[in-house]
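Trainee: I would like to learn how to read the features of a model like this one. Please take me through them one at a time.

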Amino acid sequence: MINPQDLQNTDFSKSFKGYSCTEVDKYVEYVVEQYTELYREYAELEKKVKILGAKLEEAKNDQSSVSATLLNAQKMADEIIKDANNKANAINGAIKESFDEIVEQYRTVIANEQKKLLEAQKNAIDFKVGILDGYKDQIKMLCELIPLDSMDDVNIRSVDEVVENAISGAGAKLGVKPENEEDVSEETETESENA
């Protein structure tokens with residue numbers, strides 16, 4: 001671009017037949033003024049463009065710095081999430097394994113307790129059967145000791161008499177003397193010795 005002073009210092013050759021010098025000078029003066037104004041605006045705009053270019057470059061640097069920071073932050077976030085997921089999976093695995101062990105232990109305990117319960121139920125049934133068998137045997141023995149035809153007499157007699165007769169009958173069948181007979185015989189012998 002031409003400097004306004006160069007434009008103002010430009011000389012034209014003068015010829016006989018030409019334009020009016022005064023008009024040309026005035027017009028050139030007008031053009032130089034306009035051109036000077038434009039040149040000044042151009043210089044200011046060029047400064048602004050340089051400043052804006054520098055700011056743009058700075059913004060680009062900032063943008064790339066921010067982009068790099070964001071990229072690094074995203075990578076770190078991804079790593080943190082991945083690490084957290086890995087730890088969570090490890091913890092879940094450990095909890096599941098521990099839970100499975102506890103459940104297995106309780107299943108074993110429950111199975112053992114069920115076996116004990118079944119054994120206790122079997123023992124209770126065996127005990128009941130034993131008691132019932134004992135009662136049946138006692139009833140058979142009582143029926144053998146006390147014949148059914150004498151049951152009418154039993155109703156009339158006292159309980160002590162029935163028990164004494166049952167003991168005597170059982171002793172006789174087994175060949176054992178009742179305790180009362182020994183006492184009676186001893187008393188008889190003592191009385192005869194005293195007499």
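Trainee: Which residues make the nonpolar surface patch?

Mentor: A patch is made of residues with over 30% relative accessible area and no salt bridge; like charges are joined within 9 Å, and nonpolar side chains (Val, Leu, Ile, Met, Phe, Trp, Tyr) within 5 Å. Here Phe127, Ile131, Leu132, Tyr135 and Ile139 form a nonpolar patch of about 530 Å². Leu132 has its place in helix α2, residues 21-145. The model is predicted, so local features need pLDDT of at least 70 and side-chain atom pairs count only at pLDDT 80 or more, while totals for chains, interfaces and linings use all residues. Residues are numbered from 1 along each chain as its sequence is written, and side-chain values use heavy atoms, with hydrogens and water left out.

Trainee: How many helices and strands does the chain have?

Mentor: Helices (H or I, at least four residues) and strands (E, at least two) are DSSP runs, numbered from the N terminus. This chain has five helices and zero strands. Along the sequence the pattern reads α-α-α-α-α.

Trainee: What share of the residues in the chain is buried?

Mentor: The cut-offs are under 20% relative accessible area for buried, over 50% for exposed, and in between for partly exposed, with a 1.4 Å probe and protein chains only. Of the 195 residues in the chain, 5% are buried.

Trainee: What is the accessible surface of the chain?

Mentor: Accessible areas come from the Shrake-Rupley method with a 1.4 Å probe, and for residues only the protein chains shown count as cover. For this chain the accessible surface is about 17,700 Å², and carbon and sulfur atoms account for 58% of that.

Trainee: How many aromatic pairs does the structure hold?

Mentor: Rings of Phe, Tyr and Trp (its six-membered ring) pair if their centres lie within 6.5 Å; planes under 30 degrees apart count as stacked, over 60 as edge-to-face, and the rest as tilted. The structure holds two such pairs. One of them joins Tyr27 and Tyr30, with ring centres 6.3 Å apart and planes at 40°, so this pair is tilted.

Trainee: Where do Tyr27 and Tyr30 sit in relation to each other?

Mentor: Both are in helix α2, three residues apart, which means about one helical turn separates them. Tyr27 is exposed at 56% relative accessibility, whereas Tyr30 is partly exposed at 46%.

Trainee: Why can charged side chains pair?

Mentor: A salt bridge needs a side-chain nitrogen of Lys or Arg within 4 Å of a carboxyl oxygen of Asp or Glu. The whole structure has five salt bridges. Among them is the one between Glu37 and Arg40, at 2.7 Å from N to O. These two residues are three apart in helix α2, about one helical turn. Glu37 is partly exposed, at 34%, and Arg40 is partly exposed too, at 42%.

Trainee: Which residue forms a salt bridge with Asp83?

Mentor: The partner is Lys87, with the closest N and O atoms 3.5 Å apart. Asp83 and Lys87 are four residues apart in helix α2, about one turn. Asp83 is partly exposed, with 38% relative accessible area, and Lys87 is exposed, with 52%.

Trainee: Lys116 and Glu113 also meet in a salt bridge. Are these residues exposed or partly exposed?

Mentor: Lys116 is exposed at 53%, whereas Glu113 is partly exposed at 43%. Their N to O distance is 3.7 Å, and the two lie three residues apart in helix α2, about one turn of the helix.
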